[in-house]
Amino acid sequence: MAAGEIVLTFTPTIEEAQLGAIAATNVAAAYFEMVVGTVPGPNNAFIDALEMALGEACSNTVKHRSATALAAPQVRVLFTLEGEQLAIQIEDGNTAFDFANILPPDFDAAPEDGYGIFLMKSCMDEVHYLRRGEHNVLLLKKLISAGVRL
């Protein structure tokens, strides 16, 4: 782990994923304060975006948990500050998936699920997926100044 990085880990249960998303949002708020110099207020665009994307990413680690993930049950969330951009890697041991071919949800059909990747891409500046060994790695990036109201 490099200087300035923060790592959170949790077991992929719905309760821990919810707590993981809350903790991750608080870490993002601390990075915001470090870069901008003020505590993010209510309805902050940066924090709102991170809260939505991290909630979806963390819950997906539970929803798509597989038998192979039971052997490596920890979800790892790594935060790195790259200038004024926050990079977040969410890593799990779930089965690989075809990220490039996930279609946007059919809003006319109003499905109950299938919005996660779409919401993450809508909230974040960048969303990338890669397979590293036996792990899925989802990389989310957001410019911190996006939360600053002029």
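Before counting anything, I set my terms: buried means under 20% relative accessible area, exposed over 50%, and partly exposed in between, with a 1.4 Å probe and protein chains only. By that rule, buried residues make up 40% of the 150 residues in the protein.

**Ground rules.** I am working with a predicted model, where local features need pLDDT of at least 70, side-chain atom pairs count only at pLDDT 80 or more, and totals for chains, interfaces and linings use all residues. Residues are numbered from 1 along each chain as its sequence is written, and side-chain values use heavy atoms, with hydrogens and water left out.

**Overall layout.** I took helices (H or I, at least four residues) and strands (E, at least two) as DSSP runs, numbered from the N terminus. The protein has four helices and five strands, and from the N terminus on I read them as β-α-α-α-β-β-α-β-β. For contacts I used heavy atoms within 4.5 Å. Among contacts with a separation of 6 or more, 69% join residues 24 or more positions apart.

A handy reminder for my page: in soluble globular proteins, nonpolar side chains tend to be buried together.

**Strand residues.** I picked Val 77 in strand β2 (residues 75–82). Val 77 is buried, at 1% relative accessible area. Leaving aside neighbours within four places in sequence, Val 77 is in contact with Ile 6, Val 7, Leu 8, Phe 10, Ile 88, Gln 89 and Ile 90. Val 77 and Leu 138 lie 61 residues apart in sequence and 9.5 Å apart in space, C-alpha to C-alpha.

Phe 10 sits in strand β1 and is buried too, at 4% relative accessibility. From Phe 10 to Arg 76 I found 66 residues in sequence and 6.8 Å in space, C-alpha to C-alpha.

Over in strand β3 I checked Gln 85; this residue counts as buried at 17% relative accessibility. Beyond four places in sequence, Gln 85 touches residues including Thr 80, Asp 125, Glu 126 and Lys 141. With that limit again, Leu 86 touches, among others, Ala 28, Tyr 31, Phe 46, Leu 50, Phe 79 and Leu 140.

**Helices α1 and α2.** How do these two pack? Their angle is about 150°, with the axes 9 Å apart; axes are lines fitted to C-alpha atoms, for helices over the stretch in contact, and angles run from 0 to 180 degrees between N-to-C directions. I therefore noted α1 and α2 as roughly antiparallel, since angles over 145 degrees count as such, under 35 as roughly parallel, 65 to 115 as roughly perpendicular and the rest as oblique. The contact includes Ala 21, Ala 28 and Phe 32 of α1, and Phe 46, Leu 50 and Leu 54 of α2.

Asn 43 is in the loop between α1 and α2. Phi of Asn 43 is near 60°, a positive value in a residue other than glycine. I logged Asn 43 as exposed, at 59% relative accessibility.
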